[in-house]
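This briefing covers a ligand site, the record annotations around it and some backbone details. The structure comes next, followed by the points grouped by topic.

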Amino acid sequence: MTIDELYVRAVRAGYEGLVRPLLFTMHGGDPEKIHGQLISTMGHLPDSLVGLIERFIGQGRQPVDVAGVHFPGRIGVAAGLDKDGVAAGIWSPLGFGFAELGTVTAHAQPGNPRPRLFRLIRSGAIINRMGFNNNGAEAMAARMANLGVARGNNALGCPMGISIGKTKATPLADAVDDYLFSLTTLAPYADYVALNVSSPNTPGLRSLQGRHELEELTGALVARARELDADDPVPVFVKVAPDLTTGQLDGILSSCEQAGIAGIIATNTTIERDGIKGSDARYASQAGGLSGSPLTAMALDRVRWITAHTDLPVMGCGGIMTPADAQAMFDAGARLVQLYTGFIFEGPALVMGINRLTRPGKGARA
Ligand SMILES: Cc1cc2nc3c(=O)[nH]c(=O)nc-3n(C[C@H](O)[C@H](O)[C@H](O)COP(=O)(O)O)c2cc1C
């Protein structure tokens with residue numbers, strides 16, 4: 001066993017033995033309250049502690065250039081973990097090479113009624129139907145400006161992607177204008193913008209993945225990015241659902257290539273319920289998207305299919321719970337990976353393990 005492996009094991013043991021039991025039981029075990037508290041705490045750590053975290057946990061990132069953006073590491077925070085950028089400054093010290101903040105919408109909104117977040121501990125999974133609770137695109141822009149973030153300046157140690165979605169109250173027919181407002185508001189701050197058309201928790205949203213709808217949306221957003229900065233438009237990525245047929249995915253890839261989309265993020269949560277174990281079955285009927293271990297094989301399969309059918313760069317996301325899962329994504333051609341559920345269950349040791357124990361796969365070629 002190498003020193004790196006031993007070190008990762010020690011940090012994992014500390015998280016599993018001390019931090020996770022506390023995190024899973026605070027606030028009477030209410031996962032949303034715990035999450036809010038955790039993000040808020042991580043956003044307010046003293047500089048001295050952030051420095052120690054960076055020194056002992058955040059080393060070993062492996063840089064890569066994708067879509068014209070220099071990423072100091074290949075692992076990112078998936079959208080939804082830090083919806084309003086409250087903890088934006090902690091992701092790089094923890095070893096992430098980028099963070100996808102959001103999803104934010106043109107207008108602030110409360111999201112769905114609680115409870116709307118369920119931890120399936122035996123299954124290594126989460127079901128959520130948050131429904132884009134967020135403070136809105138303008139609040140995110142103000143927060144980024146406050147933190148000194150401007151596109152390309154890496155003020156927080158790594159690129160900040162920002163995910164945008166449709167405001168619930170905006171009719172689907174006006175979706176393009178809603179997304180355009182968010183893109184225009186956030187382009188000065190975002191190193192890339194992710195179009196979220198794949199959340200299962202906003203009624204009708206995923207119909208924007210239809211070929212005609214997506215052509216219109218991606219065409220308008222890429223044109224706006226070029227108007228805002230003709231020499232160096234902000235790269236726009238599209239995030240897809242795992243629950244698509246290959247025929248649908250094919251249509252999405254053609255629309256994205258034609259519009260000048262910079263890359264694909266695969267995948268969002270699934271509406272399937274396979275892979276839920278034992279007593280967690282009581283949650284299976286909860287509406288929402290399932291993430292974590294039950295999604296691992298499905299997301300990997302979609303990434304394999306996508307990289308075989310397009311030269312657009314791919315960020316792999318979905319059920320990455322171990323360094324080996326990340327390695328499988330890289331070997332399937334993903335240039336970057338993102339974590340949500342794996343980070344909740346495994347903590348910083350997962351980021352350390354991926355940074356130190358994986359190598360670029362065939363996706364490194366492009
Ligand atoms: C509680 C929760 C909230 C999420 N919110 C968003 C979101 O706002 N936007 C988005 O694109 N994806 C969102 N996601 C999906 C994740 O970004 C990711 O695509 C998905 O969870 C699969 O990755 P994982 O298995 O590593 O969690 C959310 C996931 C969870 C668990």
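A polar contact is a pair of N or O atoms within 3.5 Å; within protein, one must be able to donate a hydrogen and the other to accept it, and residues adjacent in sequence count only if both atoms are side-chain atoms. In that sense, an N or O atom in the side chain of Lys239 is 2.8 Å from an oxygen atom of the ligand. The model is predicted: local features need pLDDT of at least 70 and side-chain atom pairs pLDDT 80 or more, whereas totals for chains, interfaces and linings use all residues. Residues are numbered from 1 along each chain as its sequence is written, and side-chain values use heavy atoms, without hydrogens and water.

**Ligand contacts and burial**
- Lys83 places a polar side-chain atom 2.9 Å from an oxygen atom of the ligand.
- For Thr103, a polar side-chain atom lies 2.6 Å from a nitrogen atom of the ligand.
- The protein buries 98% of the 600 Å² that the ligand exposes when taken alone (Shrake-Rupley areas with a 1.4 Å probe).

**Pocket and shell**
- The ligand sits in the largest pocket, where "sits" requires more than half of its atoms within 2 Å of the grid points.
- A pocket is an open set of points on a 1 Å grid over the protein atoms alone, with protein on both sides within 12 Å along at least five of seven lines; lining residues have an atom within 4 Å of a point.
- Strand 6 (125-128) and strand 11 (289-292) are the elements that give two or more residues to the shell around the ligand; strands are DSSP runs of E of at least two residues, and helices are runs of H or I of at least four, numbered from the N terminus.
- There are 21 residues around the ligand, and Ala79, Thr103, Lys239, Gly319 and Thr341 come nearest (near means a heavy atom within 4 Å).
- The shell divides into 7 nonpolar, 12 polar and 2 charged residues, with Gly counted as polar.

**UniProt record**
- An unreviewed UniProt entry annotates residues 64-355 as "domain: Dihydroorotate dehydrogenase catalytic"; such annotations may be inferred rather than shown by experiment.
- Residues 64-355 are 31% helix and 19% strand, and their end C-alpha atoms lie 12 Å apart.
- The unreviewed entry's "binding site" positions include Lys83, Asn128, Arg129 and Phe132.
- Of the listed residues, Lys83, Asn128 and Phe132 are among those in the lining of the largest pocket.

**Backbone**
- Thr103 belongs to strand 4 (residues 98-104), and a cis peptide bond with omega about 10 degrees joins Gly102 to Thr103.
- The Arg114 to Pro115 peptide bond is cis, with omega near 0 degrees; Pro115 lies in the loop between strand 4 and strand 5 (117-120).
- Phe132, in the loop between strand 6 and helix 4 (137-146), has a positive phi near 55 degrees.

Notes:
1 Å grid on protein atoms, 1.4 Å probe; cavity = no way out; pocket = protein on both sides within 12 Å on 5 of 7 lines; lining within 4 Å.
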